[in-house]
Amino acid sequence: MDFVAQLTLFVLAVFLGFELISKVPPTLHTPLMSGSNAISGITLVGALLAAGHGGDSQTISILGFIAVTLASINVVGGFMVTNRMLGMFKRK
Amino acid sequence: MQISQAWIDIAYLAAASLFVLGIKGLTKPRTAVRGNLLAATGMLIAAVITLLHKDIVTYEWIIGGFVLGAVVGSLLAIKVKMTAMPQLVALLNGFGGGASFAVAAAEYFKGLDAAGAAGVLEAMAGQSTGMVAMIAIGAAVLIGSVTLTGSFIAFAKLQELIDGQPKGFPGMKFINLILLIGSVVAIGVLVNDPTQQVLFWSLVAAAAVLGVLLVMPIGGADMPVVIALLNSYSGLAAAAAGFVMGNSALIITGSLVGASGLILTNVMCKAMNRSLTNVLFGVMAEGGDAMDQDEVYGGKVRSSSAEEIAMILEPAKRVVIVPGFGLAMAQAQHAVRDLADSLEARGCEVEYAIHPVAGRMPGHMNVLLAEAEVPYDKLKTMEEINPTFEETDVAIVLGANDVTNPMAREDKGSPIYGMPILNVDKARNVVVIKRSLSPGFAGLPNPLFANDNTLMLFGDAKQSVLDVNTAYKES
């Protein structure tokens with residue numbers, strides 16, 4: 001993907017983000033933050049590619065391992081804690 | 001099994017769409033749980049499809065990292081107390097930044113490896129043009145490291161591992177500026193000659209120190225802003241990592257999170273009537289002479305008892321509860337809910353007034369009260385509740401201080417003048433439950449405590465509410 005296409009995607013997604021998130025009510029701001037932590041764990045995708053590259057370089061493998069660990073904490077911890085909080089809001 | 005790049009990209013698009021739908025779900029409490037599950041499904045799709053990528057040839061590092069991360073993450077999610085949610089979010093922000101940093105650094109070394117020292121730029125040109133790749137790596141490393149160390153400092157302050165007071169030394173801003181300029185220059189040099197590994201690690205170190213120095217001077221009251229801002233940074237770091245890898249899923253998701261953090265930062269700043277620069281550089285608005293506490297309170301503060309407050313509550317038709325960080329500290333949310341139940345059982349209307357910066361992160365009070373099964377439609381925003389205080393018989397202020405200070409509305413010389421507040425003083429009776437007359441984060445006395453219609457109940461928030469409830473039930 002060339003740089004301009006990437007930049008286009010980035011700018012459009014920022015606009016989409018502003019539109020979407022302005023509609024989240026203050027009551028749900030804490031779950032929004034933990035939930036957005038969870039989805040920013042999408043770095044996991046890059047981390048998997050680094051950790052599984054299979055080359056000789058220990059540096060890359062170790063960096064990949066660190067990235068997979070940290071991103072997994074974000075993904076698993078983020079989605080679980082958000083679910084836990086939202087469950088409290090659900091019941092009446 | 002291997003799979004073509006086009007299918008992988010389509011799967012990423014599906015994942016990004018599910019994230020968008022997930023956040024859309026979060027716009028209503030009713031659909032929020034489903035939204036979160038949609039987003040989690042998106043993540044699962046993205047992760048599984050990536051494992052089928054042809055570049056992934058070994059799995060031991062992946063499995064090790066994932067198992068470790070999943071165990072730590074689920075333990076954190078299950079064990080964390082709702083009062084400690086700001087710390088957890090700070091920590092997760094840091095991990096997000098750290099992950100983006102590690103991914104970008106790994107890409108850097110892949111680039112070096114692939115072509116040997118001579119052909120680095122060409123190797124990187126395989127992903128996008130060499131320069132753009134190196135700039136993106138630099139940005140991801142810079143933002144990621146700042147987020148990592150800055151979040152850990154925020155975590156340590158919230159967890160009270162270190163003193164929450166603003167910390168600084170002369171020339172700190174100058175050093176921050178030097179670190180920032182140095183980092184940008186280092187990225188510039190690396191763009192021209194990516195082989196300078198020492199410079200790369202210097203960039204990492206400078207960014208890490210910068211993260212520490214940026215958060216140290218920020219005080220406890222400003223923590224909601226810092227957490228929101230670091231949330232934004234963690235998203236931007238992920239987006240930068242997306243530019244490095246030419247990965248659309250990372251770019252879209254990172255910018256969504258970046259926008260989310262920025263919006264929340266803005267909401268918090270407005271609620272405190274502070275500009276972002278003021279918060280970041282630890283400057284309080286310049287006010288007139290600090291008001292003397294004795295002058296404000298002298299002889300006018302009425303200390304009360306649980307029995308007396310129960311007598312005021314007895315005939316009340318409408319009660320508004322104003323929670324602040326004191327409620328979280330004392331874990332008083334369940335006691336408050338019990339008191340509200342007693343009041344409602346006798347036909348009294350009970351609502352909760354939530355100031356945007358009550359607690360230590362956006363929406364913190366709402367989560368605490370939701371934990372105590374307070375229905376969310378009783379949690380009112382400042383705009384909703386302020387016009388109703390005049391028809392309110394009793395306002396109960398629980399561990400909140402600055403957000404109820406009428407000086408913010410009336411005294412033009414006050415450092416907090418202009419900050420939007422809850423107009424608690426307009427209620428017929430005000431009950432303030434507080435440990436002592438000690439000032440809040442702003443360090444100012446609160447004339448509300450000395451008003452004719454205010455009664456103070458000194459003590460621990462939880463115990464005091466329990467006592468009031470007992471007395472009320474007996475009355």
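The radius of gyration used in this tour is taken over C-alpha atoms, and the globule rule set beside it is 2.2 Å times the number of residues to the power 0.38. With that in mind, and remembering that this is a predicted model, select chain A: a compact globule of 92 residues would have a radius of gyration near 12 Å, whereas chain A has 17 Å. Turned onto its principal axes, the C-alpha trace of chain A spans about 55 × 35 × 15 Å. Coloured by secondary structure, chain A shows 4 helices and 0 strands, in the order α-α-α-α from the N terminus.

Next, select A:Ala67, which, together with B:Ala140, touches the most other members of the largest nonpolar core, a set of 204 residues. Helix α4 of chain A, residues 58-90, gives the most to this core, with 18 residues. Leaving aside residues up to four places away in sequence, the contacts of A:Ala67 include A:Thr43, A:Gly46 and A:Ala47 in chain A, and B:Ala99, B:Ala102, B:Val103 and B:Ala106 in chain B.

Finally, move to chain B and select strand β5, residues 429-434, which is largely enclosed by the rest of the structure because 5 of its 6 residues are buried. Strand β4(B), residues 394-398, runs parallel to β5(B) and is joined to it by 5 bridges, with B:Val394 having B:Asn429 as its bridge partner. Strand β6(B), residues 454-458, also pairs with β5(B) in the parallel sense over 5 bridges, and here B:Lys434 stands opposite B:Phe458.

Note on methods
Residues numbered from 1 in each chain as written. Chains lettered and ligands numbered in written order. Predicted model: local features only at pLDDT ≥ 70, side-chain atom pairs only at ≥ 80, totals over all residues. Core = buried A, V, L, I, M, F, W, Y, C linked by C-beta atoms within 7 Å. Buried ≥ 20, exposed ≤ 12 C-beta atoms within 10 Å, placed from the backbone. Helix = DSSP H or I, 4+ residues; strand = E, 2+ residues; numbered from the N terminus. Contact = placed C-beta atoms within 7 Å. Pairing = 2+ DSSP bridges.
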